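Thanks for coming. I will go through one structure today, starting with its pockets and then its sheet.

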Amino acid sequence: AVCSMGNSTSRLYSVLAKTLSSGAVSQHQDCLEQLDSARLDPLDPKDLLEECQIVLQKRPPRFQRNFVNLKKNTASNQRPIRVMQWNILAQALGEGKDNFVQCPIEALKWEERKCLILEEILAYKPDILCLQEVDHYFDTFEPLLSRLGYQCTFFPKPWSPCLDVERNNGPDGCAMFFLKERFELINSANIRLTAMKLKTNQVAIAQTLKCHETGRLFCIAVTHLKARMGWERFRSAQGCDLLQNLKNITQGAKIPLIVCGDFNAEPTEEVYREFSNSSLNLNSAYKLLSPDGQSEPPYTTWKIRPSGECRHTLDYIWYSQHALNVNSALGLLTEEQIGPNRLPSFIYPSDHLSLVCDFSFNQDPDRLL
């Protein structure tokens with residue numbers, strides 16, 4: 001049963017509180033049909049944020065993260081494009097497989113954790129949102145974000161590990177959302193990545209968008225590569241396949257490109273070097289936060305499992321450095337903010353930190369690669 005908040009936003013809360021249980025596809029379809037009429041009504045982000053904060057009132061407040069200005073020449077009348085990259089942690093994996101030994105099980109309750117995720121998204125107001133490990137797309141993210149003005153796309157993994165978990169909510173996958181008021185969809189491709197000519201369980205979404213304000217085309221892609229040590233060559237092969245697909249889509253870098261993802265790879269891995277040295281002329285945006293502009297952050301994920309503490313840099317936002325400028329990037333949480341029990345926690349809903357960058361088009365689009 002849905003609990004009414006007893007005020008004018010009770011209908012909104014009923015959508016926020018609706019969470020699918022596991023079961024037959026018909027159950028999922030029933031929920032989607034019920035939400036069809038609600039989905040047509042626009043949502044005010046402030047109202048949704050307020051509802052999230054009501055649900056989260058017993059939890060500690062969010063930590064403040066500040067944007068670091070990276071653009072030397074600030075004289076531009078261009079409205080930046082804000083891109084957010086985030087592995088949000090699949091609910092089924094967080095509760096049923098990942099075994100975060102220092103995270104209380106209460107911190108992983110979906111009814112509150114989804115509000116923490118939404119609060120993070122609403123705080124930064126991305127124009128484009130790229131997510132991995134999404135297993136509540138149909139009952140949470142698509143119904144709510146479509147009402148906030150986003151066009152939504154989801155591509156699940158063919159054999160999602162979420163399906164091994166009892167009372168799962170379906171497969172996890174990659175999702176992409178962009179504001180329809182800012183962009184027009186020109187082309188969309190769902191890509192099942194290959195490795196050594198074999199189709200794999202990892203996927204990507206690549207969409208070519210047209211910016212209404214500038215008329216410029218660009219491609220935005222989201223992916224999530226194979227996890228775990230020992231799979232470095234596999235990730236390398238997946239990266240090569242993705243790059244080849246993106247070369248075709250961008251006509252060999254004629255169309256500017258942004259690639260967001262959890263690559264499950266440290267900067268020392270071959271797949272990172274492939275992206276760094278690609279003919280697409282890509283750079284990693286978060287390197288620009290380092291003093292020399294050449295070093296990745298010390299971590300984008302930090303957790304404690306039975307095998308020990310894991311602190312790694314695995315998440316990236318790559319961009320065409322000949323065609324795009326990085327105006328600013330969101331600073332990461334400090335070790336003190338993360339706390340001794342690491343992630344996820346009552347304060348932060350995922351074991352990965354969100355990355356957010358503001359981009360603008362280079363004023364000289366014909367500049368040589």
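How do the residues of the lining of the largest pocket divide into nonpolar, polar and charged? They divide into 10 nonpolar, nine polar and 14 charged. Here Ala, Val, Leu, Ile, Met, Phe, Trp, Tyr, Cys and Pro count as nonpolar, Asp, Glu, Lys and Arg as charged, and the others, Gly among them, as polar.

A word on the source. This is a predicted model, where local features need pLDDT of at least 70 and side-chain atom pairs count only at pLDDT 80 or more, while totals for chains, interfaces and linings use all residues. Residues are numbered from 1 along each chain as its sequence is written, and side-chain values use heavy atoms, with hydrogens and water left out.

The pLDDT, the predictor's confidence in each residue from 0 to 100, averages 89 over the chain, and 86% of the residues score at least 70. Over residues 1-11 it is below 50.

Back to the largest pocket. A pocket is an open set of points on a 1 Å grid over the protein atoms alone, with protein on both sides within 12 Å along at least five of seven lines; a cavity is a set where a 1.4 Å probe fits but cannot get out; lining residues have an atom within 4 Å of a point. Grid points are joined across faces, edges and corners, and a volume is the space filled by probe spheres set on the points. The largest pocket holds about 860 Å³ of space. It has 33 lining residues, and the closest to its centre are Lys226, Ala227, Arg228, Asn264 and Arg305.

Helices (H or I, at least four residues) and strands (E, at least two) are DSSP runs, numbered from the N terminus, and two strands pair if DSSP finds at least two bridges between them. Seven strands form an open sheet in the order 1-14-15-2-3-5-4, with mixed pairing. Its edge strands, each pairing on one side only, are strand 1 (67-69) and strand 4 (150-156).

Strand 1 pairs with strand 14 (residues 324-330) in the antiparallel sense, over three bridges. One of the residues involved is phenylalanine 67, whose bridge partner in strand 14 is leucine 330.

Conventions. Contact means heavy atoms within 4.5 Å.
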